[in-house]
Amino acid sequence: MAEPREYVDWAAARATARRLVPGGPRVTPEEARAEVEALRTAAERARGPVAETSRMHTPAGAPPALVVDRSAWIDANADSMAALLAPVVDKVMSRREDMPAAMAAMGAKVTGAEAGAMLAFLAGKVLGQYDLAPQGTPRLLLVAPNIMQVARDLEVDPADFRQWVALHEETHRVQFTAVPWLREHLLGVSRQLAADLAPDPEIMSQRFREVMTRLPDAVREGGMGLTDLITTPEQRAEVAKVTAVMSLLEGHADVVMDEVGPEVIPSVAHIRAKFTQRRAGVGAFDRILRRLLGLEAKMRQYRDGAVFVRAVVDEVGWDGFNEVWTSPQTLPLPLEIETPATWVARVHG
């Protein structure tokens with residue numbers, strides 16, 4: 001059983017995720033080994049073009065990309081989530097000191113199962129990520145079965161698609177390794193936001209009733225998101241600040257991967273067109289689930305962030321854009337993501 005003060009049973013989360021995650025594409029052992037080697041090569045080849053395009057460099061000695069399957073991705077992200085949310089768990093459990101141990105353990109199992117279901121869904125979707133590993137070694141992850149499956153689904157050139165994904169993820173690695181303060185800054189604001197959003201037990205039932213009443217609006221196309229239903233206006237303002245930073249990171253990676261161009265990826269325009277269609281979701285249920293999990297907002301981050309980056313680069317060039325990495329104070333504010341000229345005016349005068 002979970003420890004009495006444990007809020008999420010991460011062992012249960014892993015077990016649930018492994019049970020629910022869909023199987024990957026059917027491949028022979030030889031095909032699997034070839035895909036892994038091809039992805040390692042693509043990741044290594046991405047370093048030069050990303051550094052040249054972004055004017056940013058990963059320091060020597062950074063760990064190479066790690067090619068993983070869906071189960072390994074689940075394990076890595078369960079570890080990272082547990083480390084990231086540890087302060088939040090302490091805050092929540094400090095309010096439950098009078099809760100019987102058996103009840104606390106059962107609650108941890110339930111919460112773990114919920115986390116596992118979310119991890120299972122995401123494990124079948126994520127192509128790669130730069131794992132910030134709050135209490136470990138940050139590492140670039142490439143999810144081999146998902147990259148292979150999406151290339152097949154989109155009917156695009158597999159080698160070009162591998163390289164395209166590697167460029168995006170390598171850009172994330174450059175962001176966090178070439179900008180020494182960025183990782184701790186993002187982890188800090190994420191922890192603070194999560195702690196602020198942790199509900200007090202006395203308002204939990206009221207908040208739950210509100211969510212149930214307004215849930216139809218959360219899943220309606222164009223309606224408010226689930227986060228909007230469970231946060232105050234002050235909390236939504238803080239969420240917007242973190243979202244602006246995430247929009248910058250995702251938009252920057254998208255722009256760099258496309259700017260590299262056809263000399264490295266001959267079919268880049270074709271891949272971008274097909275992939276943009278995929279990001280819209282494949283069906284009504286998929287779109288609803290993406291909305292509830294916040295993935296619809298993440299899609300907007302790619303779009304809005306890319307618009308911001310391109311507008312700033314057009315105005316002040318790549319070197320001028322890279323002033324964004326100077327300090328936390330030069331990161332874009334929510335309004336500046338929407339109106340890039342305001343960021344240029346604030347930072348460049």
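**Entry 1: Thr171**

I began with Thr171. Setting aside neighbours within four places in sequence, I found Thr171 in contact with Val50, His252, Ala253 and Val256. I note at the outset that the model I am reading is predicted. Thr171 belongs to helix α6. I looked up its accessibility next: Thr171 has a relative accessible area of 0% and is therefore buried.

**Entry 2: the α2 and α10 pair**

Val50, His252 and Val256 turned up again when I examined how α2 meets α10. Helix α2 covers residues 29–54 and helix α10 covers residues 233–259; their axes come within 9 Å and cross at roughly 110 degrees. On the α2 side the contact is made by Val50, Thr53 and Ser54, and on the α10 side by His252, Val256 and Glu259. By class, I recorded 2 nonpolar, 3 polar and 1 charged among the residues of this contact.

**Entry 3: salt bridges**

How many salt bridges does the structure hold? I recorded 15, and I looked up several of them individually.

I took Glu35 and Arg162 to start with. Their side chains form a salt bridge with an N to O distance of 3.1 Å. Glu35 sits in helix α2 and Arg162 in helix α6 (residues 158–178), so this pair ties together parts that are 127 residues apart in sequence. Are Glu35 and Arg162 buried or exposed? I found both of them buried.

I then turned to Glu170 and Arg173, whose closest N and O atoms are 2.8 Å apart in a salt bridge. Both residues lie in helix α6, with a spacing of 3 residues, about one turn of the helix. The cut-off for buried is under 20% relative accessible area. Glu170 has 1% and is therefore buried; Arg173, at 2%, counts as buried too.

The next pair was Asp304 and Arg303, joined by a salt bridge in which the closest N and O atoms are 3.0 Å apart. Asp304 has a relative accessible area of 28%, so I listed it as partly exposed. Arg303 stands at 49% and is likewise counted as partly exposed.

**Entry 4: nonpolar cores**

Which residues have the most contacts inside the largest nonpolar core? I listed Phe161, Trp164, Leu248, Phe308, Val309, Phe321 and Trp325, in a core of 55 residues. I followed one of them, Trp164, further. Leaving out neighbours within four places in sequence, Trp164 is in contact with Met257, Asp258, Ile265, Val268, Ile271, Arg272 and Phe275. Another core, of 20 residues, lies apart from the largest one, and includes Val21, Val68, Leu119 and Val126.

**Entry 5: positive phi values**

I also looked up backbone angles, since most residues other than glycine have a negative phi. Ala133 is not a glycine, yet its phi is positive, about 45 degrees. I located Ala133 in the loop between β2 (128–131) and β3 (139–143). With a relative accessible area of 8%, Ala133 is buried.

Glu155, also a residue other than glycine, has a positive phi near 55 degrees. I located Glu155 in the loop between α5 (144–154) and α6. Is Glu155 buried or exposed? At 67% relative accessibility, I counted Glu155 as exposed.

**Entry 6: Val89**

I looked up Val89 in helix α3, residues 70–94. Its relative accessibility of 16% falls under the 20% limit, so I counted Val89 as buried. I then noted the separation of the C-alpha atoms of Val89 and Ala194: 9.7 Å, for residues 105 apart along the chain.

**Entry 7: the whole protein**

Finally I turned to totals. The secondary structure of the protein amounts to 15 helices and 3 strands. The protein has 349 residues, of which 46% count as buried. Among contacts with a separation of 6 or more, I found that 79% are between residues 24 or more positions apart.

Key:
Residues are numbered from 1 along each chain as its sequence is written. This is a predicted model: local features need pLDDT of at least 70, side-chain atom pairs count only at pLDDT 80 or more; totals for chains, interfaces and linings use all residues. Side-chain values use heavy atoms; hydrogens and water are left out. Axes are lines fitted to C-alpha atoms, for helices over the stretch in contact, and angles run from 0 to 180 degrees between N-to-C directions. Helices (H or I, at least four residues) and strands (E, at least two) are DSSP runs, numbered from the N terminus. Contact means heavy atoms within 4.5 Å. Ala, Val, Leu, Ile, Met, Phe, Trp, Tyr, Cys and Pro count as nonpolar, Asp, Glu, Lys and Arg as charged, and the others, Gly among them, as polar. A salt bridge is a side-chain nitrogen of Lys or Arg within 4 Å of a carboxyl oxygen of Asp or Glu. Buried means under 20% relative accessible area, exposed over 50%, partly exposed in between (1.4 Å probe, protein chains only). A nonpolar core is a set of buried Ala, Val, Leu, Ile, Met, Phe, Trp, Tyr and Cys residues joined through side-chain atoms within 4.5 Å.
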